[in-house]
Amino acid sequence: MVTIIPQNPKLWRPSPPTSSSLLFTVKKFHPKISNTLNNNDETKQSSAGKIKREVLTKEGRTKLNIYSDRDFYAYPRFVTHVDDGFISTLTNLYRQRLRPDSEILDLMSSWVSHLPQEVVFERVVGHGLNAQELAKNPRLDYFIVKDLNQEQKLEFEDCSFDAVLCTVSVQYLQQPEKVFGEVFRVLKPGGVFIVSFSNRMFYEKAISAWREGSAYGRVQLVVQYFQCVEGFTQPEIIRKLPDVPDDKSPFSGLMRLLGLLSASDPFYAVVSYKNFKPVYE
Ligand SMILES: C[S@@+](CC[C@H](N)C(=O)[O-])C[C@H]1O[C@@H](n2cnc3c(N)ncnc32)[C@H](O)[C@@H]1O
């Protein structure tokens with residue numbers, strides 16, 4: 001089940017989750033919600049968007065906490081999940097890659113989107129599991145609440161967005177191949193998908209393949225999520241690792257031990273574009 005809620009709670013009228021009633025609740029813009037969720041004719045003729053292979057094994061998809069993700073995220077967490085250095089690197093990346101006036105989907109979002117404040121976008125649609133967090137996010141025009149581990153279909157028409165973002169959350173996806181396939185479908189040709197992450201996580205909710213992987217392995221995992229979908233460009237890897245302090249004095253050693261000189265969060269992003277050319281079998 002999915003709920004689509006305009007960001008201004010005053011506009012929210014609970015309605016049955018059918019496409020027509022959802023469209024009725026949306027006042028400010030037409031979010032291109034798909035009625036049929038079928039691919040369009042062009043996509044049918046080409047193999048673009050096809051999932052070529054599964055990346056994860058059954059075991060790799062498992063979580064230590066097997067209870068519902070909706071329950072885990074039932075209470076809002078108004079915290080930032082990464083440090084200021086990570087956020088400023090990410091915001092700079094967005095500044096470079098996201099066009100003003102474009103349409104953006106922030107997948108697995110919360111009360112912050114880390115978008116550059118000075119840039120105006122045509123619309124930003126958020127997605128996540130906690131409605132209270134999403135309602136507080138000042139960048140979102142609208143948002144949807146949906147558990148992507150229960151159902152991967154996104155309620156948007158083909159080619160709806162110029163960019164899709166997924167920040168410090170990819171490790172929680174148990175069906176990443178299908179989610180990346182859906183992102184491909186809702187992206188416009190030439191649109192970008194930016195997946196960023198660090199080394200932090202809700203350990204019990206991260207999939208086993210992520211928990212057990214090295215930093216290099218995690219980057220490769222995300223690269224493979226892109227590569228398993230026909231039609232994404234060769235993924236680009238962006239890394240910014242914390243500087244290791246040179247200072248070997250006993251005082252610095254003690255400070256580090258006490259956590260007072262801790263290194264900042266490592267930054268990783270994997271970026272890929274939806275190919276302009278259709279891919280034929
Ligand atoms: C660590 S938070 C990151 C939030 C946000 N992207 C940020 O940068 O602060 C992880 C997010 O993933 C989302 N999430 C986790 N499991 C999910 C699932 N099964 N389906 C949809 N969203 C999920 C939650 O809504 C949560 O806000």
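A residue is buried if 20 or more other C-beta atoms lie within 10 Å of its own, exposed if 12 or fewer, and partly exposed in between, with C-beta atoms placed from the backbone. By that count Val-168 is buried, because it has 23 C-beta neighbours inside 10 Å. The model is a predicted one: local features need pLDDT of at least 70, side-chain atom pairs count only at pLDDT 80 or more, and totals for chains, interfaces and linings use all residues. Residue numbers start from 1 along each chain as its sequence is written.

**Chain and confidence**

- The protein chain has nine helices and eight strands; helices (H or I, at least four residues) and strands (E, at least two) are DSSP runs, numbered from the N terminus.
- Of the 281 residues in the protein chain, 36% are buried.
- Two residues are in contact if their C-beta atoms, placed from the backbone, lie within 7 Å. Taking contacts between residues at least 6 apart in sequence, 71% join residues at least 24 apart.
- Average pLDDT, the predictor's confidence in each residue from 0 to 100, is 85 for the protein chain, and 76% of the residues score at least 70.
- Residues 9-30 stay under 50 in pLDDT, and the model has 31 contacts beyond four places in sequence for them.
- Residues 35-43 also stay under 50 in pLDDT, with ten contacts beyond four places in sequence.

**Strand β2**

- Five of the five residues of β2 are buried, so the strand is largely enclosed by the rest of the structure.
- In a regular strand the side chains alternate between the two faces of the sheet.
- One side of β2 carries Glu-103, Leu-105 and Leu-107, the other Ile-104 and Asp-106, and these residues are all buried.
- Strands count as paired if DSSP finds at least two bridges between them. β2 pairs with β3 (residues 123-128) in the parallel sense over four bridges, and Glu-103 has Arg-123 as its bridge partner in β3.
- β2 also pairs with β5 in the parallel sense, over four bridges. In β5, Ile-104 has Ala-163 as its bridge partner, and Leu-107 has Cys-166.

**Strand β5 and Thr-167**

- Seven of the seven residues of β5 are buried, so this strand is largely enclosed by the rest of the structure.
- β5 and β6 pair in the parallel sense over six bridges, and Ala-163 stands opposite Val-192 in β6. Ala-163 is also the β5 bridge partner of Ile-104.
- Thr-167 lies in β5 and counts as buried because it has 25 C-beta neighbours inside 10 Å.
- Leaving out residues up to four places away in sequence, Thr-167 touches Leu-90, His-114 and Ser-196.
- Thr-167 and Leu-107 are 60 residues apart in sequence, while their C-alpha atoms are 7.8 Å apart in space.

**Helix α6 and the β-α-β unit**

- β5, α6 and β6 make a right-handed β-α-β unit. Right-handed here refers to a path from the first strand over the helix to the second that runs clockwise, with the strands pointing away from the viewer.
- Nine of the eleven residues of α6 (residues 176-186) are buried, so the helix is largely enclosed by the rest of the structure.
- The buried residues of α6 include Pro-176, Val-179, Phe-180, Glu-182 and Arg-185.
- These buried residues of α6 pack against β2 (103-107), β5 (161-167), β6 (187-197) and α8 (215-227).

**Ligand shell**

- There are 17 residues around the ligand, and among them Asp-69, Met-108, Gly-128, Leu-129 and Thr-167 come nearest; a residue is near a molecule or strand if its C-beta atom, placed from the backbone, lies within 6 Å of it.
- The shell has seven nonpolar, eight polar and two charged residues. Ala, Val, Leu, Ile, Met, Phe, Trp, Tyr, Cys and Pro count as nonpolar, Asp, Glu, Lys and Arg as charged, and the others, Gly among them, as polar.
- Thr-167, one of the residues that come nearest to the ligand, is the β5 residue described above.

- Val-168, in the loop between β5 and α6, has phi near 40°, a positive value in a residue other than glycine.
- Asp-101, in the loop between α4 (84-97) and β2, has phi near 70°, again positive in a residue other than glycine.
- Asp-101 is exposed, because it has 10 other C-beta atoms within 10 Å, whereas Val-168 is buried.
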